[in-house]
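I opened this notebook to record what I looked up in one model, entry by entry.

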Amino acid sequence: MNKFFKIYLELKEKIENKQYRSNSLLPSENDLAREYGVSRETIRKALLLLLENGYIHKIQGKGSIVLDVHRYRMPVTGILSFKERHEFLNNEIETRVIENKEIDAPEFLIKQGLLKRGEKVIYLVRQRIIDGEAVILDKDYIKKNIIEELPTEKVKESLYNYLENDLGIKISYGNKDFKIEPVNDEDVKYIDLNGHNHIAVLRSDIYTEGTDFLHYNESRHRVDKFYFSEFARRTNDKSNN
């Protein structure tokens, strides 16, 4: 077994066993080289494997930061509320409502054909805190002619629960897009970025049972805290056999 691969396995095990805790710095390349009695080049190869497999994140001027390998699963398939996605996790979860107000339809939704100029939406911004860290920023634009107002205490608990159970709105389907983007000023203000300069963004436009546009959601996640999954099935297309 190559020396660098053996070192990679040992460091990987220490991270998984929390000897090196998430968000902490690994020892420097020089310190690791002395510890294992190898060259810095060998250590760099081991660190590259850790980087490629999602165990560390390198920040220029700081070193190698240990990522949280026990990340939260974020299903992309289906339409689930934040509460529904996380109700089975044994974590301390808190939602803070940052904004809840009526605004004019934003230009980007008009350009997408989802809203018309002059229409109103309720702009809802919520900060999601898991185990004491702000790791998600949810931004919703809800069509005003469908919903007159959103009681803050209700949407702090669950937007979908209020829409479906209190108002009787039937949510049917949606379209989703996923991207990794540079952080913006809102991310810096409302998410504990911990040195990360990119953010995982899931955007959805959601429709009622009657195919009416209901709301647009932009959910911004700290990159080291989540992994995104989708169920997939291969179709049996005999024409290609």
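The entries below follow that order.

**Entry 1. Basis.** I worked from a predicted model, in which local features need pLDDT of at least 70, side-chain atom pairs count only at pLDDT 80 or more, and totals for chains, interfaces and linings use all residues. I number residues from 1 along each chain as its sequence is written, and side-chain values use heavy atoms, with hydrogens and water left out.

**Entry 2. Aromatic pairs.** I took rings of Phe, Tyr and Trp (its six-membered ring) as paired if their centres lie within 6.5 Å; planes under 30 degrees apart are stacked, over 60 edge-to-face, and the rest tilted. By this rule I count seven aromatic pairs. I looked up Phe108 and Tyr216, whose pair is edge-to-face, with 5.3 Å from centre to centre and 70° between the planes. Phe108 belongs to helix H5 (residues 107–111) and Tyr216 to strand E9 (residues 213–222), so this pair ties together parts that are 108 residues apart in sequence. For such elements I used DSSP runs numbered from the N terminus: helices (H or I) of at least four residues and strands (E) of at least two.

For accessibility I call a residue buried under 20% relative accessible area, exposed over 50%, and partly exposed in between (1.4 Å probe, protein chains only). Phe108 is partly exposed at 31%, whereas Tyr216 is buried at 5%.

I then turned to Tyr173 and Tyr207: their ring centres are 5.0 Å apart and their planes at 10°, so the pair is stacked. Tyr173 sits in strand E7 (residues 171–182) and Tyr207 in strand E8 (residues 198–208), so that the pair links distant parts of the chain, 34 residues apart. Tyr173 is partly exposed at 32% relative accessibility, and Tyr207 is buried at 12%. I also noted one aromatic cluster, formed by Phe108, Tyr123, Tyr141 and Tyr216.

**Entry 3. His196.** Is His196 buried or exposed? I find His196 buried, with a relative accessible area of 7%. His196 lies in the loop between helix H8 (185–190) and E8. Taking contact as heavy atoms within 4.5 Å, and leaving aside neighbours within four places in sequence, I list His57, Leu67, Val183, Arg222, Val223 and Asp224 as its partners.

Entry 4. Most residues other than glycine have a negative phi. Which loop holds Lys18? Lys18 is in the loop between helix H1 (3–16) and helix H2 (29–36); its phi is positive, near 65°. Lys18 is partly exposed, with a relative accessible area of 46%. Thr211, also not a glycine, has a positive phi of about 65°. I place Thr211 in the loop between E8 and E9, and Thr211 is exposed at 51%.

**Entry 5. H1 against H2.** Two packed helices are described by the angle between their axes and the distance between the axes. I used lines fitted to C-alpha atoms over the stretch in contact, with angles from 0 to 180 degrees between N-to-C directions. The axes of H1 and H2 come within 12 Å and cross at roughly 110°. That makes H1 roughly perpendicular to H2 (under 35 degrees is roughly parallel, over 145 roughly antiparallel, 65 to 115 roughly perpendicular, the rest oblique). On the H1 side, Ile7, Glu10, Leu11 and Lys14 make the contact, and on the H2 side Leu32, Glu35 and Tyr36.
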